[in-house]
Amino acid sequence: MQLGIVTLFPEMFAAVTEHGISGRAVRSGLMNLALFNPRDYTTDKHRTVDDKPFGGGPGMLMKTEPLMASIAAARQAVAEKQTAGESAKVIYLSPQGKTLKQDSIIDLAQRKGMVLLCGRYQGIDNRVLENEIDEEWSLGDFVISGGELAAMTLIDAMTRFQPGALGDEGSALEDSFSNGLLHSPEYTRPQSLEGIKGIVGQDVPSVLLSGDHEAIRKWRLKQSLGVTWLKRPDLLLAMSLEIEQEELLEQFKQDYARDKA
Ligand code: 9D3
């Protein structure tokens with residue numbers, strides 16, 4: 001995937017290009033990031049990248065000419081790496097965008113390339129928005145200081161769907177949310193925490209040590225349904241359960257009521 005990234009803070013992207021799963025995807029050429037800093041497209045002595053909003057008010061906007069020039073450069077860089085006729089969409093990470101969900105990540109991850117525009121200050125001139133931006137995406141209803149962390153979050157999430165990006169780390173399609181449910185609890189060694197930091201009665205559930213794969217599958221599905229019911233009931237309300245799932249969730253609720261009493 002070819003990404004052209006327009007940002008006043010290109011150094012921040014080392015977080016995704018140099019670390020972890022996304023770092024490996026970049027080193028192997030699976031993900032290619034080309035960074036474009038509007039500051040490099042300024043023409044004044046002070047390399048100004050902000051400007052005052054017409055009508056007054058607090059805060060600044062991104063200065064239009066360097067912004068437009070850097071978007072054009074990013075578009076061209078992505079286009080050059082794509083097949084003839086394909087034109088990359090320009091995505092603006094913005095608090096006013098549609099909220100990203102795992103489904104939208106899966107859709108975006110199928111594309112060959114795109115331009116990501118990271119906003120700073122109070123945003124961009126509305127004419128740039130209307131003429132240059134194809135899609136506007138948000139992380140959710142809270143405020144962060146600029147689009148970079150959102151772009152990096154999107155890049156990380158899309159990387160997980162690139163064929164071969166997840167080695168031993170499993171399959172993106174098996175992650176939480178991909179079946180609409182949260183994942184069941186997981187355990188590692190030691191088998192007993194008795195005597196460690198005063199934790200008592202916290203042994204690994206014996207079914208996980210049983211070697212009975214069908215029993216383990218059922219236990220995990222039951223826990224998955226139960227933990228979703230407890231932590232994210234909104235997810236359960238949005239889906240329709242199969243018979244086995246209904247029964248296992250009912251059992252979980254009964255166990256839960258009994259354990260509480
Ligand atoms: C004054 C009203 N706000 C505009 C709707 C101000 C404002 C808040 C945050 C302007 C820019 C920003 C910077 N945020 C982002 O660039 C951003 C963001 C976010 O703040 N929350 C969730 N997702 C995103 S994606 C980009």
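This is a predicted model: local features need pLDDT of at least 70, side-chain atom pairs count only at pLDDT 80 or more; totals for chains, interfaces and linings use all residues.
Residues are numbered from 1 along each chain as its sequence is written, and side-chain values use heavy atoms, with hydrogens and water left out.

The ligand has 16 residues around it, and Gln122, Leu139, Phe142, Ile144 and Gly146 come nearest; a residue is counted here if one of its heavy atoms lies within 4 Å of the molecule. Polar contacts are pairs of N or O atoms within 3.5 Å. A nitrogen atom of the ligand lies 3.0 Å from a polar backbone atom of Leu139. A polar side-chain atom of Ser138 is 3.3 Å from a ligand nitrogen atom, and a backbone N or O atom of Gly147 is 3.3 Å from a ligand oxygen atom. The ligand taken alone exposes 570 Å², of which the protein buries 75%; accessible areas come from the Shrake-Rupley method with a 1.4 Å probe.

Phe142 and Ile144 also belong, with Leu149, to a nonpolar surface patch that has about 280 Å² of accessible area together. Ile144 sits in the loop between strand 7 (135-138) and helix 6 (148-159); helices (H or I, at least four residues) and strands (E, at least two) are DSSP runs, numbered from the N terminus. Ile144 counts as partly exposed, at 37% relative accessibility, on a scale where buried means under 20%, exposed over 50% and partly exposed in between.

The whole structure holds three aromatic pairs. Rings of Phe, Tyr and Trp (its six-membered ring) pair if their centres lie within 6.5 Å; planes under 30 degrees apart count as stacked, over 60 as edge-to-face and the rest as tilted. Trp229 and Phe252 are edge-to-face, because their ring centres are 6.2 Å apart and their planes stand at 80°. This pair links distant parts of the chain, Trp229 in helix 7 (residues 213-231) and Phe252 in helix 9 (residues 243-260), 23 residues apart. Phe252 is buried at 11% relative accessible area, whereas Trp229 is partly exposed at 27%.

The rings of Phe252 and Tyr256 have centres 6.4 Å apart and planes at 10°, so this pair is stacked. These two residues are four apart in helix 9, which separates them by about one helical turn. Tyr256 is partly exposed, at 31%.

Definitions and conventions:
Patches are made of residues with over 30% relative accessible area and no salt bridge: like charges are joined within 9 Å, nonpolar side chains (Val, Leu, Ile, Met, Phe, Trp, Tyr) within 5 Å. A salt bridge is a side-chain nitrogen of Lys or Arg within 4 Å of a carboxyl oxygen of Asp or Glu. Buried means under 20% relative accessible area, exposed over 50%, partly exposed in between (1.4 Å probe, protein chains only). A polar contact is a pair of N or O atoms within 3.5 Å; within protein, one must be able to donate a hydrogen and the other to accept it, and residues adjacent in sequence count only if both atoms are side-chain atoms.
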